[in-house]
Amino acid sequence: MALDIPTAPRLLGRLVGAAAGGNLLGLDFAGSVAAAVESAEPRRAFLAAAFKGVQEAGGDERLQQLVGEGKLDLPKLLAADPEFDPADLPAPADFLRQQGLAVLA
């Protein structure tokens with residue numbers, strides 16, 4: 001979908017983040033959706049948008065709480081796959097900091 005609609009990961013992530021921030025679903029849903037995406041770039045865009053949606057709705061503490069409750073393995077979810085991704089992608093913690101999500105790094 002990201003090939004046809006490049007903004008799809010961010011749009012869908014924002015929707016999921018808003019729903020999670022409003023207690024309509026947990027971030028475990030975002031984690032399961034993201035885990036199915038082979039390439040790190042759209043996966044990262046989706047997760048960053050979801051995390052920002054939660055952050056805007058409830059702040060850093062709520063974001064940390066939902067990530068913990070969802071048992072999200074962020075280094076694994078944000079990891080690059082050498083088969084699909086360029087070698088110069090930032091490390092997961094650096095990516096989170098670049099996205100304004102240092103609270104999760």
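Which residues of the largest nonpolar core touch the most other members?

**View 1. The largest nonpolar core of the predicted model.** This core holds 21 residues, of which Leu27, Leu47, Phe51, Leu63, Val67 and Leu74 touch the most other members. Two or more core residues are given by each of helix H1 (8–21), helix H2 (27–35), helix H3 (40–69), helix H4 (74–77) and helix H5 (92–98). H3 supplies the largest share, with 8 residues.

View 2. Apart from its neighbours within four places in sequence, Leu47 is in contact with Ala30, Ala34, Leu77 and Leu78. Between Leu47 and Val33, which are 14 residues apart in sequence, the distance in space is 9.4 Å from C-alpha to C-alpha.

**View 3. The buried residues of helix H2.** Leu27, Ala30, Gly31 and Ala34 are the buried residues shown in H2. These residues lie on the same side of H2 because they cover an arc of only 100° around the axis. The packing partners of the buried H2 residues are H1, H3 and H4.

**View 4. The contacts of Leu63.** When neighbours within four places in sequence are left aside, Leu63 is in contact with Leu27, Phe51, Val54, Gln55, Leu101, Val103 and Leu104.

**View 5. Arg44 and the ring of Phe95.** The charged end of Arg44 is placed over the Phe95 ring, at 5.0 Å from the ring centre. As for aromatic pairs, the structure contains 0.

Conventions:
Residues are numbered from 1 along each chain as its sequence is written. This is a predicted model: local features need pLDDT of at least 70, side-chain atom pairs count only at pLDDT 80 or more; totals for chains, interfaces and linings use all residues. Side-chain values use heavy atoms; hydrogens and water are left out. A nonpolar core is a set of buried Ala, Val, Leu, Ile, Met, Phe, Trp, Tyr and Cys residues joined through side-chain atoms within 4.5 Å. Buried means under 20% relative accessible area, exposed over 50%, partly exposed in between (1.4 Å probe, protein chains only). Helices (H or I, at least four residues) and strands (E, at least two) are DSSP runs, numbered from the N terminus. Contact means heavy atoms within 4.5 Å. Rings of Phe, Tyr and Trp (its six-membered ring) pair if their centres lie within 6.5 Å; planes under 30 degrees apart count as stacked, over 60 as edge-to-face and the rest as tilted. A charge sits over a ring if NZ of Lys or CZ of Arg is within 6 Å of the ring centre and within 35 degrees of the ring normal. The arc is that of the directions from the helix axis to the C-beta atoms.
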